[in-house]
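Hi,

Here is the structure I said I would pass on. Have a look at it first, and then read on for what turned up in it.

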Amino acid sequence: MSKFFTIEKPPGVPHIALKLLRMVGVSQLKSERYRYVVVFGVFLLTIAVPKVVLGYTSFEASIVGLAELFFQTNRFVGVLLLVLYSDTLFALVRKSENFTKKVLCETSPVSRYLKTADAQFTKLTRLYLTALLVPANFYSYSPIVSTLWRYYHAHENDTAPEFVLPMEENFYGLQVREKLSHYLIFGTVMVPTSFLCALVGTAKLVSILSLLKYCTMYFQLITVKLKTIVHGQDNRHKLRCALEMHQSVLECADLLKTITAPIMLLQLVLCILVWSSMLLYFTISGFNTQFISVFILFLFDTTETFGYCYLGNQLSDESARIASVVYECGWEGFSSAVQKDLQLTLLRAQRPVGITAGKFCFMNMEQFGEVVKTTYSFFIVLREQF
């Protein structure tokens with residue numbers, strides 16, 4: 001674990017997130033991208049096919065099973081899209097490295113800000129990944145441990161043993177709800193699959209949030225640089241440098257938008273389906289153990305969607321903030337040549353920047369509220385049908 005967290009490269013790029021992506025097959029080397037073929041094959045064989053083809057024991061079970069399918073599809077297809085956009089992703093990484101290399105060459109408040117912000121975010125990422133080991137182990141092992149405990153104590157209570165499934169599905173003819181031997185075979189397959197799901201989901205979440213945070217950080221660096229320029233001497237040369245940096249960051253933001261657009265569209269659609277499934281299940285069956293499973297999916301999906309919307313909102317705000325800094329810098333006291341440079345920066349800063357769901361809408365806090373409204377409307381339609 002400590003070796004995984006060791007970073008020997010310059011700050012300013014999400015190195016831990018890139019390591020995670022490489023583990024699942026999102027790599028600059030095309031030969032390593034075939035790893036994800038195996039990962040996606042496991043998803044199809046152990047999750048997608050059983051849930052879609054092999055049926056369910058009841059209508060309530062089908063709601064839980066489909067909610068799990070929506071949730072895992074969001075993870076695995078999301079990373080599949082990152083694999084397909086690998087060239088664009090690593091073009092963004094290279095451009096980010098070039099940008100931060102220029103910043104680190106300076107001995108200024110800008111370089112100090114980058115080092116401090118990078119250290120804080122890296123520490124936060126390490127804490128999150130370490131803490132994630134607890135729910136990953138609990139979610140993977142608790143169904144089997146619980147089932148074995150109940151099975152071997154069923155004779156004491158004179159009750160039939162209850163088999164708690166890691167995921168709600170039938171599994172290729174095995175009687176996983178009736179025979180312990182079949183259940184253990186199923187559990188032997190699903191425990192590593194659960195860890196794989198956790199790895200893929202974490203790689204997707206951490207990588208996208210990290211890219212968003214670092215791109216936001218780059219705009220903050222431009223703001224810091226502009227504020228140092230207006231209070232110093234030899235403004236023309238420094239402003240030219242800031243203009244080039246701003247253009248480079250805008251190009252990074254465009255690449256990030258291209259990478260995340262299809263992933264965010266998938267996120268919104270499947271998030272609405274998971275939320276609607278939870279509400280529908282509660283309406284039909286009320287509060288029970290299976291509802292807790294659906295509610296956990298709801299919490300994870302809600303937190304993930306909120307994170308994308310919150311950081312997407314922050315990215316847009318920091319980009320727009322540059323226009324305010326330029327406007328309030330006392331531009332009327334500069335020479336006409338500097339004023340023209342500031343006017344160019346102002347025009348660029350007024351262009352909307354952020355991540356979008358497809359080409360339909362920006363991912364921000366306003367859109368998060370719209371998703372909640374859409375979910376409720378979709379739930380009303382489902383409730384009338386069932």
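A quick word on terms before the residues: buried means under 20% relative accessible area, exposed means over 50%, and partly exposed is anything in between, with a 1.4 Å probe and protein chains only. Keep in mind that this is a predicted model, so local features need pLDDT of at least 70 and side-chain atom pairs count only at pLDDT 80 or more, while totals for chains, interfaces and linings use all residues. Residues are numbered from 1 along each chain as its sequence is written, and side-chain values use heavy atoms, with hydrogens and water left out.

**Overall**

The chain has twelve helices and two strands. Helices here are DSSP runs of H or I with at least four residues, strands are runs of E with at least two, and both are numbered from the N terminus. In order, the elements read α-α-α-α-α-α-α-α-α-α-α-β-β-α. There are 386 residues, and 51% of them count as buried. With contact taken as heavy atoms within 4.5 Å, 76% of the contacts between residues at least 6 apart in sequence join residues at least 24 apart. The chain exposes about 19000 Å², with carbon and sulfur atoms supplying 63%; these areas come from the Shrake-Rupley method with a 1.4 Å probe, and for residues only the protein chains shown count as cover.

Helix α2 covers residues 15-24, and seven of its ten residues are buried, so the rest of the structure largely encloses it. The buried ones are H15, I16, A17, L18, L20, L21 and V24. Just after α2 comes G25, with a positive phi of about 110°.

What does R22 pair with? Its side chain meets that of E32 in a salt bridge, 2.8 Å from N to O. (A salt bridge is a side-chain nitrogen of Lys or Arg within 4 Å of a carboxyl oxygen of Asp or Glu.) R22 sits in helix α2 and E32 in the loop between α2 and α3 (35-53), ten residues apart. R22 is partly exposed at 42% relative accessible area, whereas E32 is buried at 11%. R35 joins these two in a network of salt bridges.

The count comes to nine salt bridges. Another is E168 with R177, whose closest N and O atoms are 2.6 Å apart. E168 counts as buried at 9% relative accessibility, and R177 as partly exposed at 27%.

E304 and K204 form a salt bridge at 2.9 Å, N to O. E304 belongs to helix α10 (residues 289-327) and K204 to helix α8, so the pair ties together parts that are 100 residues apart in sequence. Both E304 and K204 are buried.

R75, in helix α4 (residues 59-84), is buried too but has no salt bridge; E304 is its nearest side chain of opposite charge, 5.7 Å away. For charge, Lys and Arg count as positive and Asp and Glu as negative, with His and the chain ends not counted. Beyond its neighbours within four places in sequence, R75 contacts Y36, C197, A198, V200, G201 and K204.

**The annotated spans and P262**

The unreviewed UniProt entry lists residues 36-56, 76-93, 183-205, 263-284 and 290-311 under "transmembrane region". UniProt positions are in the numbering used here, feature names are shortened, and annotations may be inferred rather than shown by experiment. In the model, residues 36-56 are 86% helix and 0% strand, with end C-alpha atoms 29 Å apart. Residues 263-284 are 100% helix and 0% strand, and their end C-alpha atoms lie 31 Å apart.

P262 is in helix α9 (residues 235-285) and counts as partly exposed at 23% relative accessibility. Leaving aside neighbours within four places in sequence, P262 is in contact with L81 and Y85. The C-alpha atoms of P262 and G358 are 5.1 Å apart, although 96 residues separate the two along the chain.

**One more spot**

Y172 lies in the loop between α7 (133-157) and α8 (180-229), and is partly exposed at 41% relative accessible area.

Cheers
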